[in-house]
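Subject: Structure for you to look at

Hello,

Here is the structure I said I would pass on. Please open it beside this email, and my notes follow below.

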Amino acid sequence: MNENHTTLKIFGFEGSAAELSARLQLEPTKTALKGENRNYGPSHQGEKRAYPWNYWELRWIRSEDRFIEELVEEFVAHVVEPRKDTLKDVIATCSAELSVVQYYYSGCNPGFHLSSKALNILCHIGAELDVDIYCLASEAENGA
């Protein structure tokens, strides 16, 4: 079973995470204030670093063998598109990205495709796109 993370991340906004959440009408899965310490590195066991900015994220984690682009398209349709104008206003004063991470345990040669509609929505709000795909099928087969 593959593990898929689709995350909207907003960095460097003014005000509190609670205010941003209320504005977006979303409940974040993680927030941090500038200067707060966090563990950085593999499995968050590494060195401590301070957040350089206020941080807000909403993450979907799905363990399933669907194509990652299907999950991303759903995230954009359900989370981003209904709030695209509000997100555009928010991101005009800070930074944001749509982060897509897949831990690929079954099959081989994963790909990634986004529809022009999803790309246009991300462009409209001014978000960057970050995609990481970890092909771990051989580790899963070896029982690692």
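Which side chain meets that of Glu64 in a salt bridge? Before the answer, please keep in mind that this is a predicted model.

The partner of Glu64 is Arg66, with N and O 3.1 Å apart. Arg66 also meets the side chain of Glu70 in a salt bridge, again listed at 3.1 Å from N to O. A further salt bridge joins Arg66 to Glu74, where the closest N and O atoms are 2.4 Å apart. The structure holds 6 salt bridges.

Glu69 is another acidic residue to look at. Glu69 sits in helix 2, which covers residues 68-80. Glu69 is buried but has no salt bridge. The nearest side chain of opposite charge is that of Arg66, 10 Å away. If neighbours within four places in sequence are left aside, Glu69 is in contact with Gly111, Phe112 and His113.

Next, helix 4. This helix spans residues 116-125, and its buried residues are Ala118, Ile121, Leu122 and Ile125. Seen down the axis of helix 4, these buried residues fall within an arc of 95 degrees, so they line one face of the helix. The face turned away from the buried side carries the exposed residues Ser116 and Cys123. What covers the buried residues of helix 4 includes helix 2, helix 3 (84-91), strand 6 (95-104) and strand 7. After helix 4 comes Gly126, which has a positive phi, near 85 degrees.

Last, the surface. Leu119, Leu129, Val131 and Ile133 form a nonpolar patch there, and together they have about 270 Å² of accessible area. Strand 7, residues 128-135, gives the most to this patch, with 3 residues. Val131 lies in strand 7. Why can Val131 be part of a patch? A patch residue needs over 30% relative accessible area and no salt bridge. Val131 is partly exposed, with a relative accessible area of 31%, so Val131 passes the cut-off of over 30%.

Regards

Note on methods: Residues numbered from 1 in each chain as written. Predicted model: local features only at pLDDT ≥ 70, side-chain atom pairs only at ≥ 80, totals over all residues. Heavy atoms only, no water. Patch = residues over 30% accessible without salt bridge, like charges linked within 9 Å, V, L, I, M, F, W, Y side chains within 5 Å. Areas by Shrake-Rupley, 256 points an atom, 1.4 Å probe, with all protein chains shown as cover. Salt bridge = Lys/Arg side-chain N within 4 Å of Asp/Glu carboxyl O. Helix = DSSP H or I, 4+ residues; strand = E, 2+ residues; numbered from the N terminus. Buried < 20%, exposed > 50% of the residue type's maximum accessible area, 1.4 Å probe, protein only. Lys, Arg positive; Asp, Glu negative; His and termini not counted. Contact = heavy atoms within 4.5 Å. Arc of directions from axis to C-beta.
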